[in-house]
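Me: I have a model open and would like to learn how to read it. Can we go through it feature by feature?

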Amino acid sequence: MRTLVTGAAGFIGSNLVDALLAGGVDVLGIDCFAPYYAESVKRANLEPALANPGFEFVDGDLRNARLEPLLEGVSDVYHLAAQPGVRDSWGTGFASYVENNIIATQRLLEACRGTTVRRFVYASSSSVYGSPAREDARESDPPAPHSPYGVTKLAGEHLCDAYSRNWGVPAVSLRYFTVYGPRQRPDMGVHRMIQAAHDGTPFPLYGDGNQVRDFTFVDDIVSATIAAAESHDAPATPLNVAGGSRARLLDVVGLVEEVVGRRVGLERLGAAPGDVGRTGGNTESTRRILGWTPRTQLREGIIRQAAWQTGSARRR
Ligand SMILES: NC(=O)c1ccc[n+]([C@@H]2O[C@H](COP(=O)([O-])OP(=O)(O)OC[C@H]3O[C@@H](n4cnc5c(N)ncnc54)[C@H](O)[C@@H]3O)[C@@H](O)[C@H]2O)c1
């Protein structure tokens with residue numbers, strides 16, 4: 001039996017693949033190298049896995065690939081492929097979010113009907129909450145996405161529920177909160193802050209910098225994701241995966257300056273439509289059901305991401 005990981009060349013997907021392989025699990029990865037950021041970055045993410053005989057890679061697009069053959073002999077499906085990012089999801093950009101986040105998810109769920117798949121783990125997002133009414137968003141709170149991206153991630157959850165209830169596809173949705181760490185996407189905040197500190201170029205700060213995010217280190221995301229596949233009790237209802245390292249963006253800028261040892265200049269921009277004032281997830285259910293707990297604090301995680309970014313800049 002093996003495991004299928006979609007979005008295997010991406011930030012979180014490639015970290016998940018490496019962890020599964022390290023645990024002795026055979027992995028089939030699929031990715032289409034979507035042009036949202038450089039293909040060379042995604043190819044570099046895949047390098048360690050490609051050196052492992054337990055890994056097979058398919059360069060394919062979930063929107064049109066034949067998916068049934070990929071599911072033969074697969075026990076667990078980790079569905080991470082998506083068009084991420086809030087800001088590009090407005091205007092004509094939305095079509096790509098619909099195709100890659102909704103249509104692709106529905107095709108994959110459809111292909112899972114009547115197969116040997118034991119667990120389907122869907123990478124959802126804290127963006128489904130929008131601006132939560134309280135600091136600690138709970139899974140039972142009514143979702144109210146604040147961006148078209150969030151709307152498509154919520155649609156994916158609903159599709160998982162529908163396929164789970166009607167066709168017994170054993171789906172669980174994990175709501176990831178602001179993920180950071182080695183291989184973080186180049187459009188994301190911590191990546192840009194570290195780069196700004198290194199290059200002396202300004203960090204584009206949207207809004208006043210007082211936005212609070214519940215930062216979650218990628219290894220903690222990966223361990224929750226694997227636990228969700230392994231747990232017998234993981235429900236069809238969503239679970240929050242939040243790292244408990246809540247911080248204001250300006251405080252994270254300060255931490256990056258300390259870690260890198262250089263100042264981060266700021267280019268102050270207006271608030272970006274779709275951005276929310278704060279995110280924060282209650283993780284009681286996730287801890288109880290999955291026996292999971294986040295282990296990496298923000299400072300340590302930033303040290304690890306900065307070390308990775310410095311190393312990958314040197315290799316370029
Ligand atoms: N990074 C975060 O903070 C965060 C937070 C919440 C949720 N998520 C979710 O986690 C998942 C992974 O995010 P990430 O940050 O690693 O993004 P990423 O862009 O680095 O990875 C996604 C990968 O999916 C691939 N992909 C996109 N459309 C595809 C398609 N149609 N067929 C095959 N491959 C396709 C892309 O090429 C990319 O390599 C996404 O579902 C995202 O919505 C991420």
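This is a predicted model: local features need pLDDT of at least 70, side-chain atom pairs count only at pLDDT 80 or more; totals for chains, interfaces and linings use all residues.

**Reading the fold**

Reply: Start with a pair of strands. Strand E9 (residues 212-217) is joined to E11 by four bridges, and the two run antiparallel.

Me: Which order do the strands have in the open sheet of three strands?

Reply: The order is E7-E9-E11, and the pairing is mixed. Strand E7 (179-180) and strand E11 (245-248) are the edges, each pairing on one side only.

Me: What is the order in the open sheet of seven strands, and which pairing does it have?

Reply: Read across, the order is E3-E2-E1-E4-E5-E6-E10, with parallel pairing. Here the edge strands are strand E3 (55-59) and strand E10 (239-241). Neighbouring strands of this sheet are turned by 20° against each other on average, direction ignored. Tyr 78 has Val 121 in E5 as its bridge partner.

Me: Where does helix H2 lie?

Reply: Helix H2 (residues 39-50) lies across E2 and E3, and runs at about 150° to E3.

Me: How do I read a contact between two helices, say H1 and H6?

Reply: Take the axes, then the handedness, then the residues. The axes of H1 and helix H6 (residues 218-230) come within 10 Å and cross at roughly 65°. This crossing of H1 and H6 is right-handed. On the H1 side the residues are Ile 12, Asn 15, Leu 16, Ala 19 and Leu 20; they meet Val 218, Ile 221, Val 222, Thr 225 and Ile 226 in H6. By class, the contact of H1 with H6 has eight nonpolar residues, two polar and no charged.

Me: Which residues come nearest to the ligand?

Reply: Of the 31 residues around the ligand, the nearest are Gly 7, Gly 10, Phe 11, Ala 82 and Val 179. Helix H1 (11-22), strand E2 (27-31), helix H3 (94-112) and strand E5 (119-125) each supply at least two residues of the shell. The largest share, three residues, comes from H1. The shell is made up of 17 nonpolar, eight polar and six charged residues.

Me: How many helices and strands does the protein chain have, and what is its radius of gyration?

Reply: The chain has nine helices and 12 strands. Its radius of gyration is 19 Å, which agrees with a compact globule, because a globule of 316 residues would have a value near 20 Å. Along its principal axes the C-alpha trace spans about 55 × 45 × 40 Å.

Methods: Residues are numbered from 1 along each chain as its sequence is written. A residue is near a molecule or strand if its C-beta atom, placed from the backbone, lies within 6 Å of it. Ala, Val, Leu, Ile, Met, Phe, Trp, Tyr, Cys and Pro count as nonpolar, Asp, Glu, Lys and Arg as charged, and the others, Gly among them, as polar. Two strands pair if DSSP finds at least two bridges between them. Axes are lines fitted to C-alpha atoms, for helices over the stretch in contact, and angles run from 0 to 180 degrees between N-to-C directions. A crossing is left-handed if the near helix is turned anticlockwise from the far one by less than a right angle, and right-handed if clockwise. Two residues are in contact if their C-beta atoms, placed from the backbone, lie within 7 Å. The radius of gyration is taken over C-alpha atoms; the globule rule is 2.2 Å times the number of residues to the power 0.38.
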